[in-house]
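Here's a protein to look at together.

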Amino acid sequence: YNVEEYVEKCIRSLEDQDIPTNEYEIICINDGSPDNCRGIVLGLQEEFDNIILIDKKNQGVSLARNDGIDKASGNYILFIDPDDYVEVNSLKRVVQTAVENKAQVSFLGFTILSEKGTIKEQVVYENWYSQVFNGTEAYFISRGDGSTDPDRMWAVLFLRSFINKNNLRYLPDVPFLEDGEFIARILCLAKRCIFDREPFYLRTTRSGSATNSALFYHEKATIGFLLAADN
């Protein structure tokens with residue numbers, strides 16, 4: 001939604017990988033975006049045959065991601081915010097590590113970038129690599145000291161059969177904290193979680209993003225926080 005400046009870079013990073021394009025899919029949810037996001041994705045579809053475009057009226061990120069989960073057909077699910085991107089030729093390693101460890105949830109290394117593109121912080125899990133944890137243990141490890149997006153769904157690889165077997169979906173009407181509510185619920189059920197020690201996900205910082213919006217203090221957001229906490 002409203003990310004025409006970024007979405008092509010995001011998708012091209014997902015295409016520039018060491019796995020054949022016929023072995024994975026890129027599902028783009030156009031959440032009623034008023035800019036040219038849809039046109040950009042349509043253009044990329046002419047170049048790549050593994051891009052799926054779903055158009056819907058604007059209902060927010062939670063329902064958009066639920067639509068993506070419902071549509072997905074691969075063994076694993078990876079959520080990518082459209083203004084972020086991933087390291088080149090890194091997907092094969094990530095998937096192979098998940099397969100070898102029979103992981104239901106894989107926490108991946110990530111880099112936080114400033115608006116100018118400089119590195120603000122990098123998180124990799126060297127101390128936790130090659131170990132398997134249950135979800136409760138992984139929850140606290142993944143949060144670190146709580147200073148860098150402790151409740152996130154990005155830079156995390158999920159086993160799709162685990163997600164669907166437990167009927168795990170985003171809670172509607174939670175405009176903020178939707179990731180925190182969902183990852184906590186996922187990790188209450190997960191038995192096999194791992195951590196990667198290599199950089200993978202590149203997280204951008206921009207003033208127009210949802211968590212930097214005045215809507216954060218709106219009544220709708222307050223009600224959403226209460227719904228998330230109650231659930």
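Q: Which residue in β2 is the bridge partner of Ile27?
A: That's Ile52. Keep in mind that you're looking at a predicted model.

Q: What makes β1 and β2 a pair of strands?
A: Pairing takes at least two bridges between the strands. Six bridges join β1 to β2, so these strands count as paired. They run parallel.

Q: Which β-α-β unit do β1, α2 and β2 make, right-handed or left-handed?
A: A right-handed one.

Q: How do you know that the buried residues of α2 line one face of the helix?
A: The buried residues of α2 (residues 37-47) are Cys37, Ile40, Val41 and Leu44. Looking down the axis of α2, you'd see them fall within an arc of 95°, so they line one face. In an α-helix there are 3.6 residues a turn, so residues three or four places apart point the same way. As for what covers the buried residues of α2, that includes α1 (7-15), β1 (26-31) and β2 (51-56).

Q: What makes the link between the side chains of Asp179 and Tyr170 a polar contact?
A: The cut-off is 3.5 Å between N or O atoms. Here the side chains are joined at 2.8 Å, so the distance passes.

Conventions: Residues numbered from 1 in each chain as written. Predicted model: local features only at pLDDT ≥ 70, side-chain atom pairs only at ≥ 80, totals over all residues. Heavy atoms only, no water. Polar contact = N/O pair within 3.5 Å; in protein donor to acceptor, adjacent residues only side chain to side chain. Buried < 20%, exposed > 50% of the residue type's maximum accessible area, 1.4 Å probe, protein only. Helix = DSSP H or I, 4+ residues; strand = E, 2+ residues; numbered from the N terminus. Arc of directions from axis to C-beta. Contact = heavy atoms within 4.5 Å. Right-handed = clockwise from strand over helix to strand, strands pointing away.
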